[in-house]
Amino acid sequence: MIKLLPLLLALTLTGCFQGAARDTNAQPPSEGNVVATPKASCGPGSRPELGRQGRVTREEQVSGRAALGYTCNSELLGAYTTPNATGTVGGFWVQRYVDAKGQECAIYDTTLMWPTNAGDVEFGVNVLDMSDPSAPAFSTRLLTPGMLSPHESLRLNKKRGLLAAVTGNAAFYPGIVDLYDVSQDCLNPVLLSSTPIGLLGHESGMAPDGLTFYVGSAGGNTLMALDISNPALPVPLWTGNYSSHGLSISDDGTRAYVAAVGANGTSSAELIILDVSQIQARAANPQVSVVGRTSWSPISIPQNAMPFTVDGHPYLMEVDEFGAGSEVGAARIIDIGDEANPEVISNLRLEVHDPQYFDEQGDDPGTSLPIQGYAAHYCNLPSRVNPKIVACSMILSGLRVFDISNPHQPREVAYFNAPLNPRQTPGFEASSWAMSAPDFVPERKEIWYTDGYSGFFAVRLTNGAWPD
């Protein structure tokens with residue numbers, strides 16, 4: 001089936017770019033000339049980029065160099081891919097889980113935009129057997145409503161072994177919430193409930209104790225909290241008027257870190273810290289209040305913000321998605337030691353994000369689509385305590401890994417950009433499409449992620465790129 005490209009673009013642009021328009025009367029403070037993060041020094045066994053940090057040129061595609069892929073202090077361990085695929089085979093989130101039997105699973109969505117990929121080779125949520133990471137094996141596919149079109153909402157609570165997703169798309173969909181148990185047999189998740197209780201879906205968040213599931217809709221201006229202590233019978237707790245794109249919840253469940261594309265009646269793109277302690281405490285008629293907020297420039301579309309600490313001090317790892325003109329937000333670290341006054345202290349960017357190079361990149365493979373380009377899409381951390389590294393999917397630039405041991409001075413240490421496969425879908429040329437939040441196997445120095453055009457990849461860092 002031919003892709004419904006015009007519909008895909010219209011939905012994405014309407015649901016994201018318009019929703020992220022900023023209040024021109026309240027421009028965020030400029031960070032000045034934000035320069036690229038120091039690039040990685042590639043060690044033995046690498047197949048490094050040939051030019052600017054993060055770039056893949058048309059010449060490299062024509063010569064066949066891009067078909068080999070690019071590696072720096074990384075190696076491909078294993079993959080589950082579909083060469084020359086006629087549709088997307090990787091989505092927005094990858095989850096790693098080890099169940100009570102010791103079985104190791106990779107769980108990831110393959111549906112970037114339902115129903116435009118109804119004729120794809122794959123859709124829904126895939127479950128892979130990772131007992132041999134060098135040979136990922138397909139186990140099953142989840143096709144209930146929330147898993148069929150989860151958009152950016154697929155979450156896994158590893159404490160309870162609870163997998164969740166809500167039906168969504170780039171704007172919003174009726175929020176059917178699916179909850180699965182993976183704790184006993186992650187190779188064969190058990191459906192616990194599928195209920196139209198989530199209002200409007202797009203993205204989500206889950207409290208670390210696994211008892212509260214948050215459903216956010218950037219296009220619908222809604223944020224909802226659900227009690228999932230009994231996953232067979234989820235119960236609404238609270239609904240608020242926040243245009244939450246993505247969000248994360250603090251370890252104690254009392255704070256929500258919201259990547260907002262318009263909130264409380266404004267059209268600002270910003271980070272908002274919400275006090276959700278009354279939701280966590282299960283107060284009757286819980287009240288939610290704003291603790292702090294901040295914005296920055298250049299900014300595109302705030303995607304998600306994840307809390308972490310370094311030597312006990314609290315920070316957020318925030319990532320923007322996409323971008324237009326000079327507004328490529330990429331990613332940044334925000335100091336939240338003073339919650340009322342969050343402060344951006346450093347950026348994670350590549351040379352391809354620098355406006356001075358934009359003109360020379362116009363013919364690079366994949367840059368013609370507004371839903372692609374070299375911008376960031378998701379980042380993730382292997383731990384919330386002294387994480388050392390962060391891994392980011394930066395679309396055409398592939399998987400990028402940064403050392404954040406010193407959050408004030410991050411530096412790139414590794415990357416993996418998958419080999420470019422020919423595309424059979426009209427309107428989609430051969431390029432990378434790294435969109436997913438990765439997951440990690442720290443004990444083996446592995447990072448798992450998906451590419452929308454290729455599939456699932458298990459990558460291992462080499463040459464000491466992952467600090468001990």
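Reader: Where do I start? Which residues have the most contacts inside the largest nonpolar core?

Author: A nonpolar core is a set of buried Ala, Val, Leu, Ile, Met, Phe, Trp, Tyr and Cys residues joined through side-chain atoms within 4.5 Å. Buried means under 20% relative accessible area, exposed means over 50%, and partly exposed is in between (1.4 Å probe, protein chains only). Here the largest core has 60 residues, and Leu163, Met317 and Val390 have the most contacts inside it. Its largest share, four residues, comes from strand S21, residues 301-310. A second, separate core has 17 residues, among them Ile447, Tyr449, Val459 and Trp466.

Reader: Before we go on, what kind of model is this?

Author: It's a predicted model, where local features need pLDDT of at least 70 and side-chain atom pairs count only at pLDDT 80 or more, while totals for chains, interfaces and linings use all residues. Residues are numbered from 1 along each chain as its sequence is written, and side-chain values use heavy atoms, with hydrogens and water left out.

Reader: Okay. What does leucine 163 touch?

Author: A contact means heavy atoms within 4.5 Å. Leaving out residues up to four places away in sequence, leucine 163 touches Ile107, Leu142, Met147, Leu154, Arg155, Leu156, Asp178, Leu179, Tyr180 and Val182. Across the protein chain, take the contacts with a separation of 6 or more: 57% of them are between residues 24 or more positions apart.

Reader: How many helices and strands does the protein chain have?

Author: Helices (H or I, at least four residues) and strands (E, at least two) are DSSP runs, numbered from the N terminus. This protein chain has four helices and 31 strands. Of its 468 residues, 61% are buried.

Reader: How do I read a pair of aromatic rings?

Author: A pair of aromatic rings is described by the distance of the centres and the angle of the planes. Rings of Phe, Tyr and Trp (its six-membered ring) pair if their centres lie within 6.5 Å; planes under 30 degrees apart count as stacked, over 60 as edge-to-face and the rest as tilted. A search of the whole structure finds 11 aromatic pairs. In one of them, tyrosine 108 and phenylalanine 456 have ring centres 5.6 Å apart and planes at 20 degrees, so that pair is stacked.

Reader: Which strands do tyrosine 108 and phenylalanine 456 lie in?

Author: Tyrosine 108 is in strand S4 (residues 104-109) and phenylalanine 456 in strand S31 (residues 455-461), so the pair ties together parts that are 348 residues apart in sequence. Both tyrosine 108 and phenylalanine 456 are buried. Ring pairs also link Tyr108, Trp448 and Phe456 into a cluster.

Reader: And why is the pair of phenylalanine 440 and tryptophan 466 edge-to-face?

Author: Look at the angle: the planes of phenylalanine 440 and tryptophan 466 are at 90 degrees, with the centres 6.1 Å apart, so the pair is edge-to-face. Phenylalanine 440 lies in strand S29 and tryptophan 466 in the segment after S31. Phenylalanine 440 counts as buried at 3% relative accessibility, and tryptophan 466 is buried at 8%.

Reader: Which ring does the charged end of arginine 52 sit over?

Author: A charge sits over a ring if NZ of Lys or CZ of Arg is within 6 Å of the ring centre and within 35 degrees of the ring normal. The charged end of arginine 52 sits over the ring of tyrosine 357, 3.7 Å from its centre. Arginine 155 lies over the face of tryptophan 93, at 3.9 Å from the ring centre.

Reader: How many disulfides are there?

Author: A disulfide is a pair of cysteine sulfur atoms within 2.5 Å, and the count here comes to three. Cysteine 42 and cysteine 72 have sulfur atoms 2.1 Å apart, and their link is left-handed, with -110 degrees about the S-S bond. Cysteine 42 is partly exposed at 31%, whereas cysteine 72 is buried at 0%.

Reader: What about the disulfide of cysteine 105 and cysteine 186?

Author: Its sulfur atoms are 2.0 Å apart. The torsion about the S-S bond of cysteine 105 and cysteine 186 is about 75 degrees, so this disulfide is right-handed. Both cysteine 105 and cysteine 186 are buried. Another disulfide joins cysteine 379 to cysteine 392, S to S 2.1 Å, and it is right-handed because its torsion is about 105 degrees. Number the bonded cysteines in sequence order and the pairing is 1-2, 3-4, 5-6.
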